[in-house]
Amino acid sequence: MPQTKKDLKDFSLDELNSRLKSLRVEPYRAKQVFEWMYQKGAKNFGEMTDLPLPLRHILSDKFRVLTSEIIKRQISKLDGTRKYLFRLDDNEAVEAVLIPAKGRQTVCLSSQVGCAYGCKFCASGLLGIKRDLRCGEILEQALGISRDIKGARITNVVMMGTGEPLANYDNVMKAISVMNSPYGFGIGARKITVSTAGYIPGIKRFMDEKAQIELSVSLHGATDETRSYLMPINKKYTLSELMKVCREYVREKDRIITFEYVLIKGVNASREDATALSKLLKGLPGKVNLIPFNPVSSFNFMPPSGKEVKEFQDILKNHDVNSTIRAQRGADIDAACGQLRLRETI
Ligand code: SF4
């Protein structure tokens with residue numbers, strides 16, 4: 001039977017306000033419902049005990065509260081990183097990762113089932129794209145993780161799992177508004193990062209967002225030749241167009257951009273590559289995350305040596321380009337960048 005009731009988690013607070021108003025329910029109830037779902041972890045209307053019974057009946061008549069099922073959980077022995085596989089309503093599956101650190105619980109969430117962009121080093125794009133995730137399905141990844149860690153507060157969010165978040169713009173931004181809302185997860189905008197492979201129409205839209213959400217751009221190559229080889233999206237949105245829009249973003253928003261750069265031996269990790277990257281980013285307020293490639297069985301790539309990584313970083317430094325070398329997390333459970341959905345089938 002087709003399910004006609006809408007998942008309550010597909011509504012922003014404003015949308016729920018209006019919907020409840022149209023049902024002649026006092027709009028302030030929307031905040032209560034939000035608190036029950038996102039702060040007290042209610043999985044059904046029966047658990048929302050301070051709502052009057054007639055209201056709970058109206059809600060269950062019109063809406064549903066979908067909860068996700070964790071079908072696989074892996075915990076890294078190296079650093080406690082947890083990787084989750086969630087079953088979706090239509091039997092598709094999606095992954096999310098919890099990265100615990102001192103005083104921080106960061107979740108890395110997926111935005112699509114599969115990915116259209118097929119970057120050469122990324123397991124997530126191997127099977128192509130199946131569909132966008134709904135807002136509620138994005139939020140359910142965070143809620144499912146929160147339940148699994150017994151309600152411990154999630155402090156940071158990175159939209160860096162499977163998919164291109166800016167190509168599923170409306171659902172992703174609505175989910176972020178709920179994560180940011182004091183009645184939702186209450187996570188500060190600056191603790192939420194949206195990562196893009198360089199989808200320029202999405203970056204242009206993102207420029208108009210009022211909330212101070214962080215932007216991260218996956219670069220991975222400092223010339224069109226290298227970048228197009230690693231990231232086919234570069235054939236459509238070239239490096240010079242991408243850098244133009246990045247410079248515009250930094251100027252208009254007065255914000256910095258974090259550039260992700262996965263280091264692959266023999267492909268983009270030479271001294272010449274470091275010099276080209278320095279020139280590309282010259283004078284642009286931002287930071288580069290250098291990520292030594294995680295060897296994954298489906299790919300023949302290898303990371304450069306520690307010495308080569310350090311030399312690469314030194315060249316950036318000599319050109320006044322800020323960078324950090326990102327520590328690998330969850331490498332033993334394939335939870336590191338580009339390793340989601342590599343070995344999972346349901
Ligand atoms: S790196 Fe990102 S954009 Fe590229 S294939 Fe993987 S998920 Fe898609």
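Good morning. Across the interface of domain 1 and domain 2, the rule finds 5 salt bridges, a salt bridge being a side-chain nitrogen of Lys or Arg within 4 Å of a carboxyl oxygen of Asp or Glu. The model is a predicted one, in which local features need pLDDT of at least 70 and side-chain atom pairs count only at pLDDT 80 or more, while totals for chains, interfaces and linings use all residues. Residues are numbered from 1 along each chain as its sequence is written, and side-chain values use heavy atoms, with hydrogens and water left out.

To the contact, domain 1 contributes 15 residues and domain 2 contributes 16 residues, where contact means heavy atoms within 4.5 Å.

How much area do domain 1 and domain 2 bury between them? The value is about 1,300 Å², with 55% of it on carbon and sulfur atoms. Buried area is the accessible area (1.4 Å probe) that two parts lose on being put together, summed over both. On the side of domain 1, Lys-9, Asp-10 and Tyr-38 supply 40% of the area buried against domain 2, more than any other three residues.

I turn now to individual pairs. Side chains of opposite charge can pair when their charged atoms come close. Lys-9 forms a salt bridge with Glu-140, and their closest N and O atoms are 3.5 Å apart. Asp-7 and Arg-134 also meet in a salt bridge, at 3.6 Å from N to O. Asp-7 lies in strand β1 (residues 6–7) and Arg-134 in the loop between β8 (129–132) and α4 (135–148), so this pair ties together parts that are 127 residues apart in sequence. Helices (H or I, at least four residues) and strands (E, at least two) are DSSP runs, numbered from the N terminus. A search of the whole structure finds 23 salt bridges.

Finally, the ligand. Among the residues around the ligand are Cys-115, Cys-119, Cys-122 and Ala-197, a residue counting as near if one of its heavy atoms lies within 4 Å. Thank you.
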